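I open the notebook on a new model. I want the helix packing, the chain contact, the domains and the sheets.

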Amino acid sequence: MTTAYKRLIDPRMWFMGTFSHGIHPAENKQYTADKAIQRFPFAPELILPLSQHAGAPSVPIVRPGQEVVRGEPIAEAAGFMSVPLHAPATGVIKKIDLMPTAKGPRTLSIILEVYPGDSQEMRFYQTRNVDTMTPQEITQAVQDAGLVGLGGAAFPTHVKLSPPKEHTVETVLINGCECEPFLTTDYRVMLEQTDDLIEGTRIFMKALGAKKAIIGTEDNKLAAVEAIRAKLPADGSITVKAVKTKYPQGAEKMLAKSLLNLEIPSGGYPSSVGLAVFNVSSTAEIGALLPVGGGVIERVVTITGPGVEKPGNYIVAIGTPLRFILDQLGLKGGSQHLILGGPMMGSAISSLDVPITKGCGGVLVLTEEDTRGETSRGVHPCISCGKCVEACPMHLNPCNMGKLAYKHRYAEIAESFHLNDCFECGCCSYVCPSSIPLVQYFRIAKSANREKAKAS
Amino acid sequence: MELRASPHLRVSPSVEVIMRNVVYALLPICAFSVYQFGISVFALLAVSVITCLLTENLICRLSGKTPTTGDWSVVISALLLALTLPPGFPLWMAAVASFVCVAVGKMLFGGLGFNVMNPALVGRAFVQAAFPASITSWTPYMLPGRFAEFIPTSLATPFLRPAPLAEWIAGKPLDGFSGATPLALMKFDHVPTDSIQLLIGTTAGSAGETSALLIFICGIYLVVRKMMDWRITASVLLVASATSGIFYWMDQSIYPDPLFTLCSGGLMLGAVFMATDMVASPVTPWGVWIYGALIGFVTIIIRLFGGLSEGVMYAILLANASSPLISAVTQPRIYGATKPKGTE
């Protein structure tokens with residue numbers, strides 16, 4: 001049953017908040033939505049890039065040959081815009097070397113050989129009472145846990161907990177929209193780790209001094225809304241609310257508009273309008289981690305797509321190579337297109353040696369059949385149909401921007417057409433009947449502008 | 001494994017599919033026109049399509065590009081051009097119009113996506129200026145024997161003056177055919193035509209403009225398939241009826257009523273199929289409304305006060321030319337736009 005049809009017959013879905021524009025790609029969540037989270041076995045070797053987050057890469061504090069215990073810090077934060085890294089399994093450090101990553105260039109990574117016979121018990125932790133911690137202590141503890149946005153951006157969470165002094169955060173938004181097709185990570189976390197989610201929300205509220213929190217999700221996940229509602233604290237400080245299912249509802253700017261009708265100003269932060277936005281998986285993770293100490297060493301990953309034999313939602317140790325995952329789950333049907341993340345914003349990868357990192361919530365395997373429609377289409381000139389203008393959630397004008405980008409007039413796009421407000425959701429490319437790679441052009445334009453700014 | 005940048009999915013209809021569907025939407029109108037005016041219109045459509053296809057192909061070859069006729073857009077231009085011509089329009093002139101339509105209106109600017117104006121209307125404007133007599137020679141509808149016999153002017157020898165139609169029409173068993181379109185009758189003689197006749201198309205006029213109702217239904221098909229911008233059509237029709245309504249209210253004896261305005265002449269065909277030409281219309285949300293309003297307003301002003309009885313063509317061409325300007329001044333307000341300093 002499609003969400004559009006459900007919307008007709010389910011009165012709960014009749015008056016949903018939303019933002020204007022956006023698109024409705026096929027949801028494709030049926031592969032894994034009803035599959036409970038399972039633990040994935042440890043790979044014999046884990047690859048841990050030092051740069052799994054936005055900001056400065058972590059600095060290793062282990063040497064090759066050193067034994068490490070599961071949960072032990074193996075790299076420390078390089079300053080404020082950085083987080084430490086913890087050993088996802090008990091084993092021995094094999095080497096620290098350049099390894100391929102999803103981003104493209106090879107980056108420095110710690111390679112950990114897992115002891116096959118080890119029980120992999122958590123032996124590295126310190127319990128603490130969250131209720132007696134001050135906001136500063138919580139923020140420090142969040143950084144020590146190595147937490148980054150698990151929704152995909154991998155932005156260090158403690159930075160969001162330290163808003164500029166002139167801003168006060170009144171409302172914490174917990175983002176459970178998961179608008180990317182195929183992915184069900186956040187949905188399963190909301191259903192199965194509800195207590196951790198509520199605890200994490202309280203921790204974030206305390207750290208920011210916020211009075212209320214809203215857990216927002218899309219109305220194709222009403223089961224999660226009910227599950228959370230049953231566990232909400234009695235004081236009413238935390239509420240849960242569904243918004244209309246639409247891509248890119250999970251972008252923090254869209255969610256702020258849909259839930260509270262607030263617009264985060266261009267170039268500003270959510271805290272400019274009194275908000276702080278966190279992903280549900282990050283929130284549940286901190287709710288589970290902070291009371292016992294320890295760091296982010298594993299995460300829930302949806303491994304899905306028509307090309308996977310046994311799709312599902314799995315707890316995977318950070319650093320598990322894709323080759324190991326796909327060997328275990330099996331490929332089928334001439335699978336040929338491998339994507340880390342969702343189909344709209346995820347990155348295609350060429351090597352199976354790429355590991356699962358903190359920001360990776362999904363592995364999507366598409367078959368030759370799924371991508372045939374895409375590959376067989378030729379690119380036509382822009383016919384000014386305006387579909388991209390109708391789709392852009394930021395209300396930009398991708399049509400004009402695309403024409404300028406085609407002529408390499410990158411500076412002009414930034415000056416007159418708000419290039420830097422584009423968050424690369426890909427709606428414009430998705431709807432373009434001429435198959436013009438619009439968002440791809442804009443990425444090039446942004447980096448060309450950055451290079452130019454650097455050079456001058 | 002293949003590497004591609006996100007997004008990895010795309011399901012929207014391609015340019016070919018959109019263009020092909022516009023052709024489908026035009027086919028019922030062509031069929032009705034052939035039924036109404038006979039084989040002359042069939043020949044007109046055929047000459048136009050063939051000339052346009054050949055011209056585009058030739059120019060692509062000359063300029064060393066892969067022929068772009070496969071995107072179907074040239075067929076739309078060809079059909080639209082033929083539908084705006086009088087049924088008995090000499091075929092050689094139609095070929096000239098088709099050549100100008102594609103060569104000057106479209107390929108000179110760089111082909112699909114780069115034309116400033118609607119190619120079909122460029123072609124028509126050219127022959128309107130070049131052959132003013134032929135383009136205003138109208139023939140009766142539903143003539144007996146229309147499937148067996150060409151209208152004599154259709155087969156006129158190139159570069160010679162076509163034989164006058166009056167004698168040929170006089171030989172037909174008809175009474176009271178005035179040789180004018182309902183618009184011309186209204187404008188010059190103040191003879192109104194019944195709106196029902198205009199709706200179903202039992203009037204004289206250009207080949208494809210007679211039945212407003214049929215054109216409207218074909219337009220709805222495109223709107224339902226999301227291949228046409230209904231806002232432009234709505235804006236044209238609303239403003240046209242509002243403008244003519246004001247004049248009608250001022251003096252009912254001279255000016256036509258709004259329903260007559262909507263159903264007569266090429267307004268419906270123009271509003272549904274030509275004003276909505278994606279390439280030559282603005283893309284901004286406010287821009288499309290302004291663009292449509294401009295067409296509706298100028299059409300009525302030309303019809304009521306200009307020298308011509310019909311003004312849709314020049315109104316659309318004028319609006320096409322203003323489209324970049326309209327786009328430029330109606331850039332959308334972006335999400336989270338901050339007010340410029342000093343305005344708060």
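This is a predicted model: local features need pLDDT of at least 70, side-chain atom pairs count only at pLDDT 80 or more; totals for chains, interfaces and linings use all residues.

**Entry: a helix pair in chain B**

I looked up helix α5 (residues 119-130) of chain B and helix α14 (residues 312-329) of chain B. Their axes come within 10 Å and cross at roughly 130°. I then checked the hand: α5(B) passes α14(B) in a left-handed crossing.

Next I listed the residues that meet. From α5(B) I have B:L121, B:R124 and B:A125; they meet B:M313, B:I316 and B:L317 in α14(B). I sorted this contact by class and got five nonpolar residues, one charged and no polar.

**Entry: the contact of chains A and B**

I looked up how many residues each chain gives. Chain A puts in 46 residues, and chain B puts in 34 residues. By class, I count 23 nonpolar, 17 polar and six charged residues on the side of chain A that touches chain B.

**Entry: domains of chain A**

I wrote down the division of chain A. Domain 1 covers 3-31 + 127-289, domain 2 covers 38-114 + 295-370, and domain 3 covers 387-455. I looked up one spacing: the C-alpha centres of domain 2 and domain 3 of chain A lie 31 Å apart.

**Entry: a sheet of four strands**

I traced an open sheet in chain A with the order β2-β8-β7-β4 and antiparallel pairing. Its edge strands are β2 (45-49) and β4 (67-68) of chain A, and each pairs on one side only. I followed β2(A) to its partner. It pairs with strand β8 (residues 107-114) of chain A in the antiparallel sense, over five bridges. Here I find A:L46 opposite A:L112 in β8(A).

**Entry: a sheet of three strands**

I traced another open sheet in chain A, with the order β3-β5-β6 and antiparallel pairing. Why is one side of β3 (59-60) and of β6 (85-86) of chain A left without a neighbour in the sheet? Both stand at the edges, each with a single partner strand, so one side of each has no neighbour there. Strand β5 (residues 73-76) of chain A and β6(A) pair in the antiparallel sense over two bridges. For A:P73 I noted the bridge partner A:H86, in β6(A).

Methods:
Residues are numbered from 1 along each chain as its sequence is written. Chains are lettered from A and ligands numbered from 1 in the order in which they are written. Axes are lines fitted to C-alpha atoms, for helices over the stretch in contact, and angles run from 0 to 180 degrees between N-to-C directions. A crossing is left-handed if the near helix is turned anticlockwise from the far one by less than a right angle, and right-handed if clockwise. Two residues are in contact if their C-beta atoms, placed from the backbone, lie within 7 Å. Ala, Val, Leu, Ile, Met, Phe, Trp, Tyr, Cys and Pro count as nonpolar, Asp, Glu, Lys and Arg as charged, and the others, Gly among them, as polar. Domain bounds come from an automatic or database domain assignment. Two strands pair if DSSP finds at least two bridges between them.
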